[in-house]
Each structure stands twice: as C-alpha cells, then as structure tokens.
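Thanks for coming. I will take one structure today and go through a few places in it. Please have the sequence and the model open.

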Amino acid sequence: MAGRSPYATLLERVPVCRAEVELPAGLTRYRVYGTADAPAVVALHGLRGEHHGFEPIVAHLGGCRVVVPDFPGFGESPPLTSGSHDVAGYAAWARDFVTAVAPRGQAVLLGHSFGSVVAAAAVADGLPVRGLVLVNPIACSPLAGPRVVLTALTVGCHHLAAALPQRWGEALLRSRIATRIVSTALVKTPDRTLRRWIHAEHDRYFATFADRRVVLEAFHAAVAHDVGEFAGRVGVPTLLVAAERDDLGPLPAQHALAGRFGAGRLVVVPGVGHLAHYEAPAPIARALARFVAALPVP
C-alpha cells in the first residue's frame with residue numbers, strides 16, 4: 001500500500017509530459033501536468049525534493065497547466081554549471097526557467113518551503129509573473145522554530161557530513177535513518193496508511209541529489225534565509241498557504257509575514273504541518289484555483 005499514492009487514481013486523469021530546457025546555467029529537466037491552453041503555474045519544490053512532491057496537489061487541481069522543474073542538482077536535473085546552489089543562484093535560475101517556459105509574465109509562480117524563498121527572491125528581483133503563491137512558506141529563521149533539538153541534530157548532521165571524507169559524507173546525507181528521523185518529525189497526519197506512503201516517498205526521493213556539495217550549499221542557504229527578506233519588494237498579488245501545525249513556520253510568524261506583502265492574503269490549512277502538500281492537497285488546490293481564477297486576465 002505504501003508503494004501506491006493515495007492520490008494515484010486522480011493523478012492518472014491528468015495529462016503529463018517530460019521535458020527539458022537548456023538555460024544559461026545548464027540543463028533543467030521538468031514535468032508539465034495538464035493541457036497547453038490552461039493558465040500556467042510554475043511550481044518550485046522544497047529542499048531535497050523534486051517534481052513528484054507536487055503531484056498530490058496536481059491531482060486535485062483542475063483548469064491549470066502546472067510546470068514542475070527539478071532544481072539543479074536534485075531529481076533529474078544536473079547541478080548548475082556556474083554559481084552556487086544558494087538563494088541567489090537558484091533565484092537567477094528560476095528567472096531564466098520561468099521566462100523560458102512561460103514568457104511575457106504569463107505564469108503564476110508557486111514555491112513550497114525552500115522553494116518559497118527562491119520564488120519570493122526571484123519575483124523581488126524583477127521576474128514578471130501574474131501572481132505568487134507560497135505554500136508552507138519559510139516565515140522566519142528555520143533555526144528559531146519550536147523543534148530546537150531536531151534543528152540542532154539536523155545542523156550537526158550536515159556539519160558532520162561536510163567534515164567526513166566525500167564517500168562517507170554522501171553516505172550520511174543519503175542515509176535512510178537520517179531521512180526517516182526528519183520525515184517522522186514533520187508528518188502530522190494520524191492516518192497510518194498516509195504516513196507510510198509519505199515516509200516511502202521520502203525514502204525514494206530525498207537521496208536523489210547530485211553530490212554532497214549541492215546538498216550542503218542548498219542546506220546552508222535554506223537555514224540562513226526566509227521569505228521576509230524579500231516580501232517588501234514583491235509587487236504582485238500573493239497568496240500564502242500556511243499549515244496550522246507547521247514547526248518550520250509557526251502561525252504567528254505566518255500572520256506577520258502576510259502583513260509584509262503589499263497585496264498578500266493568508267489561508268490556513270488546519271490540522272497539518274510542513275508536509276501539507278502531502279497531507280492536505282485538496283484544500284491547497286482549491287485555494288490555488290480560486291487565486292488563479294481571480295487574477296486579471298493577461
């Protein structure tokens with residue numbers, strides 16, 4: 001049961017194709033879900049994720065064409081050919097990618113977790129989009145969250161991985177034990193079948209990174225930045241989808257963040273945490289569909 005997505009039946013109805021594009025910083029591979037004539041949503045995944053993470057939302061979302069790239073160095077995309085895998089490097093890549101797949105500012109840009117920071121940075125730096133959607137946005141420093149012990153263990157694990165010889169450092173980062181500790185801490189659903197499937201997803205895809213350098217650069221960027229750094233320079237309609245039990249983005253911080261956007265709106269999904277895209281994709285899809293439908297026609 002853990003091997004089959006609980007959203008598989010819905011997802012099978014959605015057209016999907018695999019594509020790739022050569023950008024100034026190298027090759028990016030991506031998936032396109034939906035029909036070509038639908039409004040475009042470009043979705044940026046979180047740290048150690050890749051395109052599969054958005055499929056539960058895609059399964060519940062009608063009327064949109066969702067373009068999901070694998071970040072350079074993760075999933076099927078090779079690392080950047082120049083620059084670092086940090087917020088600045090990924091924001092520059094995102095600007096090039098969105099421009100290539102949805103020119104003339106036709107897309108809505110969506111980011112989850114670390115992807116929310118990259119998406120906000122790209123728009124703040126001038127990427128033209130119809131709107132911005134941030135799911136489980138990093139509303140404050142990840143080091144300041146309520147899971148102090150887990151945070152310290154995670155940071156310590158990455159420092160150890162950096163200090164070890166290459167082979168052993170990568171083995172630690174790919175370790176299923178380390179993955180399961182983080183996965184168990186983030187999952188909030190009481191549904192045992194859903195929990196097993198989420199853990200299986202993390203086992204499958206958390207280790208699909210190119211090498212240690214990519215992970216360490218991205219991790220240090222993820223813990224050093226939050227969306228608030230860029231909110232004041234975002235001038236497009238913005239939807240924040242927060243989770244009631246998100247340890248990496250507590251609700252008080254989410255409300256404060258929403259107030260920093262000139263045209264920001266906050267929707268709270270009850271009962272779930274930082275993996276809301278796995279645990280409650282239907283309400284996220286509904287909020288996204290309403291937001292896209294309300295935007296001016298380009």
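In which sense, right-handed or left-handed, does helix 3 pass helix 4? The crossing of helix 3 with helix 4 is right-handed. Before I go further, keep in mind that this is a predicted model.

Staying with that pair, helix 3 covers residues 87-101 and helix 4 covers residues 114-124. The two pack at an angle of about 65°, and their axes are 8 Å apart. Helix 3 and helix 4 are therefore roughly perpendicular to each other. On the helix 3 side, the residues that meet helix 4 are Val87, Tyr90, Ala91, Ala94 and Arg95. Their partners in helix 4 are Phe114, Val117, Val118, Ala121 and Ala122. Sorted by class, this contact has nine nonpolar residues, one charged residue and no polar ones.

Helix 7, residues 176-186, packs with helix 8 at an angle of about 140°, with the axes 10 Å apart. That makes helix 7 oblique to helix 8. Here too I give the handedness: helix 7 passes helix 8 in a right-handed crossing. Helix 7 contributes Arg176, Thr179, Arg180, Ser183 and Thr184 to the contact. From helix 8 come Arg195, Ile198, His199, His202 and Asp203. By class, the contact of helix 7 with helix 8 has one nonpolar, five polar and four charged residues.

One residue of that contact I want to look at by itself. His199 sits in helix 8, which spans residues 192-205. Is His199 buried or exposed? His199 has a relative accessible area of 10%, so it is buried. Setting aside neighbours within four places in sequence, His199 is in contact with Arg180, Ser183, Thr184 and Val187.

There is another histidine on my list. His158 lies in helix 5, and at 8% relative accessibility His158 counts as buried. Which residues does His158 contact, leaving aside its neighbours within four places in sequence? They are Arg48, Leu173, Val215, Leu216 and Phe219. Take Val215 from that list: His158 and Val215 are 57 residues apart in sequence, and their C-alpha atoms are 8.9 Å apart in space.

Most residues other than glycine have a negative phi. Arg48 has a positive phi, near 65°. Arg48 is in the loop between strand 3 (40-44) and helix 2 (55-60), and it is buried, with a relative accessible area of 10%.

Asn136 also has a positive phi, near 50°. Where is Asn136 placed? Asn136 is in the loop between strand 6 (131-135) and helix 5 (148-163). The relative accessible area of Asn136 is 0%, so this residue is buried.

Last, the cysteines. How many disulfides does a search of the whole structure find? The search finds zero. Cys17 is partly exposed, with a relative accessible area of 41%.

That is the end of my list.

Conventions. Residues are numbered from 1 along each chain as its sequence is written. This is a predicted model: local features need pLDDT of at least 70, side-chain atom pairs count only at pLDDT 80 or more; totals for chains, interfaces and linings use all residues. Side-chain values use heavy atoms; hydrogens and water are left out. A disulfide is a pair of cysteine sulfur atoms within 2.5 Å. Buried means under 20% relative accessible area, exposed over 50%, partly exposed in between (1.4 Å probe, protein chains only). Axes are lines fitted to C-alpha atoms, for helices over the stretch in contact, and angles run from 0 to 180 degrees between N-to-C directions. Helices (H or I, at least four residues) and strands (E, at least two) are DSSP runs, numbered from the N terminus. Angles under 35 degrees count as roughly parallel, over 145 as roughly antiparallel, 65 to 115 as roughly perpendicular and the rest as oblique. A crossing is left-handed if the near helix is turned anticlockwise from the far one by less than a right angle, and right-handed if clockwise. Contact means heavy atoms within 4.5 Å. Ala, Val, Leu, Ile, Met, Phe, Trp, Tyr, Cys and Pro count as nonpolar, Asp, Glu, Lys and Arg as charged, and the others, Gly among them, as polar.
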